[in-house]
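User: Please take a close look at one helix of this model and the parts that surround it. A connected account for a reader new to the structure would be welcome.

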Amino acid sequence: MSVRAKRVSATREQILVAAERLFAEHGLTVSNRQISEAAGQGNNFAVGYHFGTKTDLVRAIIHSHQEQIERHRLRMLGQVADSSDLRVWASCLVRPYTEHLAALGSPSWFARFGAQVATDPMLRAIMIDEALLRPSLLRVIEGLHACLPALPEEVRRERSDMARLLIEHVCAERERALAEGTGTPRATWDDTATGLIDALVGLWLAPVTNAPVMNA
């Protein structure tokens, strides 16, 4: 790699880290100028030059984490075969994410960044699309659905949305508490994953009363 290419790569990484932190801590209204300043870039147009639109920047941040999460999930999938245990598939959904967050150390910002993105309809779709492009996650979803054959499709979709929101916000809240040095309900990310898995299994196995009619 040439000196110029290394410099460009380093600048992009500085912008990604700064943007992720600012979005996590202050929301998605942070400006390109603020991101450039936080990344140590004198040029206020650095963000646009290297990443284009805010949508492109958000996608790049997500992509920078998904590769590692994918590796964790593929490793887990190699151990579960065709399990019929719902808890196994819930674990494959949760633990790759919490393992990645644990590996980031503290402070980290990705969980809080994800929670912020989840509040924006357009950007939330990007995060979901990026995740669903991963074959490992599609396999986990298939495994989950196979364990719930009697659950009506509209309820399964509803509870999948609930599960996603629960994972996002529990992890974001723990990440915030760790960054601020305040107490957390669980001692470790591994323990946090166990609590989430318990809750998700209960959610998916809960009785159904008057299944909703989904909008087209």
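Directly after helix H4, Ala-81 adopts a positive phi of about 50°. The model is a predicted one, in which local features need pLDDT of at least 70 and side-chain atom pairs count only at pLDDT 80 or more, while totals for chains, interfaces and linings use all residues. Residues are numbered from 1 along each chain as its sequence is written, and side-chain values use heavy atoms, with hydrogens and water left out.

Ala-81 belongs to the loop between H4 and H5, and its phi near 50° is a positive value in a residue other than glycine. Most residues other than glycine have a negative phi, and most peptide bonds are trans.

H4 itself covers residues 54-80, which makes 27 residues; helices here are DSSP runs of H or I with at least four residues, numbered from the N terminus. From its first C-alpha to its last, H4 reaches 38 Å, close to the 39 Å expected at 1.5 Å a residue (1.5 Å times one less than the number of residues). At Gln-66, H4 bends by about 30°, the angle between axes fitted to the seven residues ending there and the seven starting there.

Gln-66 also takes part in the contact of H4 with H7. The axes of H4 and helix H7 (residues 121-132) come within 10 Å and cross at roughly 30° (axes are lines fitted to C-alpha atoms over the stretch in contact, and angles run from 0 to 180 degrees between N-to-C directions). H4 is therefore roughly parallel to H7, a term for angles under 35 degrees. Along with Gln-66, H4 contributes Thr-55, Val-58, Arg-59, Ile-62 and His-63 to the contact, and H7 supplies Met-122, Leu-123, Ile-126, Met-127, Glu-130 and Ala-131 (contact means heavy atoms within 4.5 Å).

On the H1 side the contact is made by Ile-15, Leu-16, Ala-19, Glu-20 and Phe-23, and on the H4 side by Lys-54, Leu-57, Val-58, Ala-60, Ile-61 and His-65. This contact has 8 nonpolar, 1 polar and 2 charged residues. Val-58 of H4 touches H1 and is also listed in the contact with H7.

Beyond the loop that holds Ala-81 comes H5 (86-104), and the loop between H5 and helix H6 (110-117) contains Pro-107. A cis peptide bond joins Ser-106 and Pro-107, with omega of about 5°.

Key:
Helices (H or I, at least four residues) and strands (E, at least two) are DSSP runs, numbered from the N terminus. Angles under 35 degrees count as roughly parallel, over 145 as roughly antiparallel, 65 to 115 as roughly perpendicular and the rest as oblique. Ala, Val, Leu, Ile, Met, Phe, Trp, Tyr, Cys and Pro count as nonpolar, Asp, Glu, Lys and Arg as charged, and the others, Gly among them, as polar.
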